[in-house]
Amino acid sequence: MPDKIDYDTKIPNNVELSSDRRLQRALEGWQPKFMSWWGEMGPALETNGVYLRTAVSVGRDGWAHFDHVKVPEYRWGIFLTERKEDRRIAFGEHKGEPVWQQVPGEYRADLQRLIVIQGDTEPASVEQQKLLGLTAPSLYDLRNLFQVNVEEGRHLWAMVYLLHAYFGKEGREEAEALLFRNSGSPDAPRILGAFNEETADWLAFYMFTYFTDRDGKYQLGTLKESSFDPLSRTCEFMLKEEAHHMFVGTTGVDRVVQRSAELIREHDRMDIAPRGGIPLDIIQKYINFHYSVSLDLFGSETSTNAANYYTAGLKGRWQETRRKDDHQLTDDVGVLDKPRDDGTWDSEEMQAILLLNLDLRDEYVADCQTGVKRWNRILDEHEIGFRFKLPHPGFNRDVGINSGQHITPEGTIVDEATWQAGKSKWLPTSEDLTFVRSLMQPVYERGKIASWVAPPTNGINGKPFDFDYVHLT
Ligand code: BYC
Ligand code: FE
Ligand code: FE
């Protein structure tokens, strides 16, 4: 399996695509459909070259090459990490057996479903971010948006490759459907809820890349453990790209908080909206929204689907191989906090294997806390008493045991009237959204930046902030 990627072919790849003519033809048939989807649903802003990274190898060092590229000419391709000889199944009932290079018939439907759900999110996010290029706060940010977009497009390629290569006619049909469903479409929406929400402004974009791309990181982490080796290797490479998406989110929110804190100090008032900054309570409402919507992506706290995927060896736990247990979970128990009808909380002991979605969500929540800590440190440095908080995991939920309940950010179970009365304090109101949108004026001069966000401390690939990251037409 070559480490280097072959760029001399129509579809760049390191899977020796040219040795399988049928597969190559099928993917070359899908390629123009992808391109017309990109043209229609991809970034609305036309540019004349963006400073993008392209994968040159899948090895540990030096995998990326940076240059100005015309976005529709980006070389999307199929990149899997190298095969590990003698890789063994790490969990479930097949633990210890060699991993699978083909799809076992009995798991075909489940594996296909997992791949389709994963694949569906990738183009969805590109669709959600379609208009953001029209209002970027700097050329640096514009470049990062396009980088994220082309890589999510490549993640779609990653899943489509698996569908074409291993799932026959049904797989090819699912690959078509991935271009047919659209974010927010009333008739053919994307599969998961969060991917039908709008990403209407740049604060939402930073929050999305912090909270929602982070779900992607955790889900890919569990699929990387899969016994189906091609899925595992694909996800491993996707995770390398994902690191930049995390970076865009973390530092994006950092920079908004930094700028707001500066304005609060400068004008000695919390209401910095008239001074062109985003008030901290609006940032907190955005956190509440994006975090709660992203928690829905983990599915129900108790899930027989997840238990079956685990036992079958299709989807593992976060860092499965580092866990110190039998990796089968036949006798293990866990605890689930449940809201009671009388408005109090109950803890129920359950089989751990039924709580795997919750197990992954707990890992995710702990990771999200690190962002909140960073943002509070910025406030602290500016001697501002306000503190950001993640809301209670039951807050504003549509999936799992808390859906249908009204739970405040503090975790109090309340009635409908109290919820309605509190909502405008907890979630962005239409006035908040209109205000944030009013700040979104494009700044496309080299080295300049919008009023509501601080410049980054470093540029991309060692370049300065005022580098010409994007050539506009
Ligand atoms: N919306 O047993 P349960 C990313 C359905 S993000 C609507 O709890 P399970 C990215 C569910 O289908 C990562 N429906 O579900 C980020 C089931 O239906 P059936 C994406 C939902 O299967 C940013 C029923 O409810 N990857 O990569 O344990 C930018 C019972 O549910 C939802 C993956 O998600 C929902 N939110 O868990 C770009 C990995 N949740 O069977 C990209 C693949 C559940 O009763 N997917 N339902 O008809 C999975 O592992 C699992 O399918 C889920 C759900 C974790 C999503
Ligand atoms: Fe992705
Ligand atoms: Fe991502």
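## Around ligand 1

A residue is near a molecule if its C-beta atom, placed from the backbone, lies within 6 Å of it. Ligand 1 has 25 residues around it, and Ser-125, Gly-216, Gly-299, Ser-300 and Ser-303 come nearest. Helices H2 (108-128), H5 (202-223) and H8 (304-312) each give two or more residues to this shell. H2 gives the largest share, six residues. Helices are DSSP runs (H or I, at least four residues) and strands likewise (E, at least two), numbered from the N terminus.

This is a predicted model: local features need pLDDT of at least 70, side-chain atom pairs count only at pLDDT 80 or more, and totals for chains, interfaces and linings use all residues. Residues are numbered from 1 along each chain as its sequence is written, while chains are lettered from A and ligands numbered from 1 in the order in which they are written.

## H2 against H4

H2 also packs on helix H4 (residues 168-180), at an angle of about 25° and with the axes 9 Å apart. H2 is therefore roughly parallel to H4 (angles under 35 degrees). Axes are lines fitted to C-alpha atoms over the stretch in contact, and angles run from 0 to 180 degrees between N-to-C directions.

## Leu-80

Leu-80 sits in the loop between strand E2 (64-69) and H2. Leu-80 counts as buried because it has 23 C-beta neighbours inside 10 Å (the cut-off is 20 or more). Cys-235 is 155 residues from Leu-80 in sequence, yet 7.9 Å away in space, C-alpha to C-alpha.

Technical notes
A residue is buried if 20 or more other C-beta atoms lie within 10 Å of its own, exposed if 12 or fewer, and partly exposed in between; C-beta atoms are placed from the backbone. Angles under 35 degrees count as roughly parallel, over 145 as roughly antiparallel, 65 to 115 as roughly perpendicular and the rest as oblique.
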